[in-house]
Amino acid sequence: MELRPYEEGDLWLARALESDPQVMRDLGGPTLPEKILQHHHRRAKSVRDGDVWYFTVLAEDRSPAGTIGIWASEVSGASIYEAGWMVLPAYQGRGLATAAGRELLRRARQARQFKTIHAFPSASNAASNAICRKLGFVLAGEAFFSYNGPPQKLNDWKIEL
Ligand SMILES: CC(C)(COP(=O)(O)OP(=O)(O)OC[C@H]1O[C@@H](n2cnc3c(N)ncnc32)[C@H](O)[C@@H]1OP(=O)(O)O)[C@@H](O)C(=O)NCCC(=O)NCCS
């Protein structure tokens, strides 16, 4: 597994991930094509400008297999940093997201840029909750907000770096 900065050429990957009903099941459902395009360009530009931490997860054969990042967010009026991850169905279940999360946290610790990072999987998202636990996040409570679609109840995991 390797991380490389997310880039303009990753549009196909964003489309494959964010329009997939299985990948988006716990994130409010597939994102509309025009939104994917908008989010993609904004994300790639923010990475180029150094404003956001967003990486493409490369599998062992160096094929792009997912994305992972840390971004600023607002939850219940508080400014926080949130981490999120996605892996293409064909690459799931082989430890890629866990390895990517470890590498992301290693880089974040080294950069000393973040004090606390949150992650918000829904209670039904077994894989993502397992990743939080394995990476050393602690379950801090619940949060209520929306990704796509209506607000939903989410687990609020956090880690102090
Ligand atoms: C969450 C996600 C990134 C995990 O990717 P992955 O590369 O398959 O994860 P890993 O292989 O590192 O597995 C992580 C853990 O989840 C478990 N797991 C993987 N898929 C699972 C599934 N479908 N159901 C239950 N547990 C699962 C693994 O067994 C592993 O735990 P373990 O080591 O204790 O056995 C992937 O399922 C995904 O893209 N989901 C949709 C997007 C999403 O919900 N992102 C998280 C938003 S908070």
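Arginine 62 is exposed, with 10 other C-beta atoms within 10 Å. The model that shows this is predicted. Arginine 62 sits in the loop that joins S2 to S3. Its phi is positive, about 70 degrees, although the residue is not a glycine. Serine 76 repeats the pattern in another loop. This serine lies between S3 and S4.

The overall fold comes next. The protein chain holds four helices and seven strands. Read from the N terminus, the order of elements is β-α-α-β-β-β-α-β-α-β-β. The C-alpha trace spans about 35 × 35 × 30 Å along its principal axes. For 161 residues, a compact globule would have a radius of gyration near 15 Å. The protein chain has 15 Å, in agreement with that value. Buried residues make up 29% of the 161. Contacts between residues at least 6 apart in sequence were also examined. Of these, 57% join residues at least 24 apart.

Helix H2 covers residues 33-48. Its 16 residues reach 23 Å from the first C-alpha to the last. That is close to the 22 Å expected at 1.5 Å a residue. Arg43, Ala44 and Val47 are the buried residues of H2. Seen down the helix axis, they fall within an arc of 95 degrees, so they line one face of H2. An α-helix has 3.6 residues a turn, so residues three or four places apart point the same way. The buried residues of H2 pack against strand S1 (2-5) and strand S2 (53-58). Glu34, Gln38, Arg42 and Lys45 lie on the other side of H2 and are exposed. Glycine 50 follows the helix. Its phi is positive, near 75 degrees.

Helix H3 (96-111) is one of the elements that contribute to the shell around the ligand. It has 16 residues and reaches 22 Å from its first C-alpha to its last. The expected span, at 1.5 Å a residue, is 22 Å. The buried residues of H3 are Leu96, Ala97, Ala100, Gly101 and Leu104. Viewed down the axis of H3, these residues fall within an arc of 125 degrees, so they line one face of the helix. Their cover includes S1, S2, strand S3 (64-75), S4 and H4. On the other side of H3, Arg106, Arg109 and Gln110 are exposed. Just after H3 comes arginine 112, with a positive phi of about 50 degrees.

The ligand is surrounded by 23 residues. Gln92, Ala97, Thr98, Ala126 and Ala127 are the closest. Strand S4 (78-87), helix H3 and helix H4 (126-135) each supply at least two residues of the shell. H4 gives the most, with five residues. By class, the shell has 14 nonpolar residues, seven polar and two charged.

Strand S7 (residues 152-160) contains aspartate 156. This aspartate has 21 C-beta neighbours inside 10 Å and so counts as buried, the threshold being 20 or more. Neighbours within four places in sequence are left aside in listing its contacts. The remaining partners are His118, Phe120, Ala140, Gly141, Glu142 and Ala143. Alanine 140 is 16 residues away along the chain from aspartate 156. The C-alpha atoms of alanine 140 and aspartate 156 are separated by 5.6 Å.

Methods:
Residues are numbered from 1 along each chain as its sequence is written. This is a predicted model: local features need pLDDT of at least 70, side-chain atom pairs count only at pLDDT 80 or more; totals for chains, interfaces and linings use all residues. A residue is near a molecule or strand if its C-beta atom, placed from the backbone, lies within 6 Å of it. Ala, Val, Leu, Ile, Met, Phe, Trp, Tyr, Cys and Pro count as nonpolar, Asp, Glu, Lys and Arg as charged, and the others, Gly among them, as polar. The expected span of a helix is 1.5 Å times one less than its number of residues. A residue is buried if 20 or more other C-beta atoms lie within 10 Å of its own, exposed if 12 or fewer, and partly exposed in between; C-beta atoms are placed from the backbone. The arc is that of the directions from the helix axis to the C-beta atoms. Two residues are in contact if their C-beta atoms, placed from the backbone, lie within 7 Å. The radius of gyration is taken over C-alpha atoms; the globule rule is 2.2 Å times the number of residues to the power 0.38.
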